[in-house]
Amino acid sequence: MGKVEDERAFFSEGWVEPPKAALKKAAAAEKPHYHGHRDRLRERFAAGGPDALPDYELLELLLFRLIPRVDTKPIAKALIARFGSLAEVLGAPASLLEEVKGIGPNVATDLKVVAATAQRMARGEVRGREVLSNWTQLLDYCRSAMAFEAREQFRILFLDKKNGLIADEVQQTGTVDHTPVYPREVVKRALELSASAVILVHNHPSGDPTPSRADIEMTKQIIDTAKPLGIAVHDHIIIGRKGNASMKGLLLI
């Protein structure tokens with residue numbers, strides 16, 4: 001019995017309850033430092049909406065789900081530094097996204113899925129509606145679909161008699177500064193869809209939406225080919241990262 005009492009005395013005297021500060025420090029050491037940051041960011045988003053966050057923080061929120069056990073703030077900042085904005089990150093090719101440290105093939109694909117979802121939502125805002133009365137939504141859709149493409153695309157919006165969107169098709173994809181366009185093919189497709197009018201759209205990967213002489217001449221050729229068949233060309237819009245240009249607005253057609 002004496003030995004047992006001695007052991008009890010030893011342990012009771014030798015054990016000291018850790019102070020609260022030490023317990024908190026130990027708990028903090030077990031929990032990654034970025035967990036509290038994630039919670040605060042979510043709270044700011046919930047309280048103020050997306051406009052309360054700059055691009056890199058909104059991207060960081062997205063990356064929380066895609067890369068769950070990593071501090072995503074440096075990755076989000078690296079992506080914005082590389083591509084310039086959230087829209088440009090989502091518009092970048094997967095191969096270029098993977099060049100950023102921390103972005104593997106799966107995350108790159110997930111980011112492209114988010115981009116495709118955003119484009120589909122934007123297209124839903126204009127499909128079947130009177131396009132000319134929803135011009136801002138139309139431009140937003142074209143910008144989300146084309147502004148950050150690495151190559152030129154020539155897109156045609158086919159409209160019915162009420163200027164409702166029948167179809168939206170990319171007819172040609174070219175190089176960084178040229179897309180071959182064939183007026184007869186444009187008109188042929190419009191007739192197939194029973195379209196009464198079209199809006200032509202293409203992007204300038206350089207970022208500058210200023211129409212070139214070739215752009216103007218090609219547009220006039222399409223107008224001349226379509227007019228005898230009762231198909232109107234409402235506009236030719238050029239999309240760039242720095243904005244957009246309307247040939248009709250510039251009095252070029």
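These are my notebook entries on a predicted model of a protein.

**Ground rules.** I number residues from 1 along each chain as its sequence is written. Because this is a predicted model, local features need pLDDT of at least 70 and side-chain atom pairs count only at pLDDT 80 or more, while totals for chains, interfaces and linings use all residues; side-chain values use heavy atoms, with hydrogens and water left out.

**Overview.** I looked up the secondary structure and found 11 helices and 5 strands. Helices (H or I, at least four residues) and strands (E, at least two) are DSSP runs, numbered from the N terminus. Of the 253 residues, 37% count as buried, that is, under 20% relative accessible area with a 1.4 Å probe and protein chains only, where exposed is over 50% and partly exposed lies in between. The accessible surface comes to about 14900 Å², with 55% of it belonging to carbon and sulfur atoms; the areas come from the Shrake-Rupley method with a 1.4 Å probe, and for residues only the protein chains shown count as cover.

**The cores.** Next I turned to the nonpolar cores, meaning sets of buried Ala, Val, Leu, Ile, Met, Phe, Trp, Tyr and Cys residues joined through side-chain atoms within 4.5 Å. The largest has 19 residues, and Leu59, Leu63, Leu79, Leu97 and Ile103 have the most contacts inside it. Two or more of its residues come from each of α4 (55-66), α5 (73-83), α6 (86-91) and α8 (105-126). Helix α5 gives the most, with 5 residues. I then checked Ile103: leaving aside residues up to four places away in sequence, Ile103 touches Leu63, Ile75, Leu79, Leu97, Glu98 and Ala108, where contact means heavy atoms within 4.5 Å. A second, separate core of 18 residues includes Phe148, Leu157, Leu165 and Ile199.

**The sheet.** I found an open sheet of 5 strands in the order β2-β1-β3-β4-β5, with mixed pairing; two strands pair if DSSP finds at least two bridges between them. β2 (165-173) and β5 (243-246) stand at the edges with a single partner strand each, so one side of each lacks a neighbour in the sheet. From one strand to the next, the twist averages 20°.

β3 (197-203) and β4 (232-240) run parallel over 7 bridges, and Val201 stands opposite Ile237 in β4. Helix α11 (213-226) packs on the sheet, touching β1 (153-159), β3 and β4, and its direction makes about 155° with that of β4. For such angles, axes are lines fitted to C-alpha atoms, for helices over the stretch in contact, and values run from 0 to 180 degrees between N-to-C directions.

**The hairpin.** Last, I looked at β1 and β2, which pair in the antiparallel sense over 7 bridges. They form a hairpin with 5 residues between them, and Asn163 in the turn has a positive phi of about 65°.
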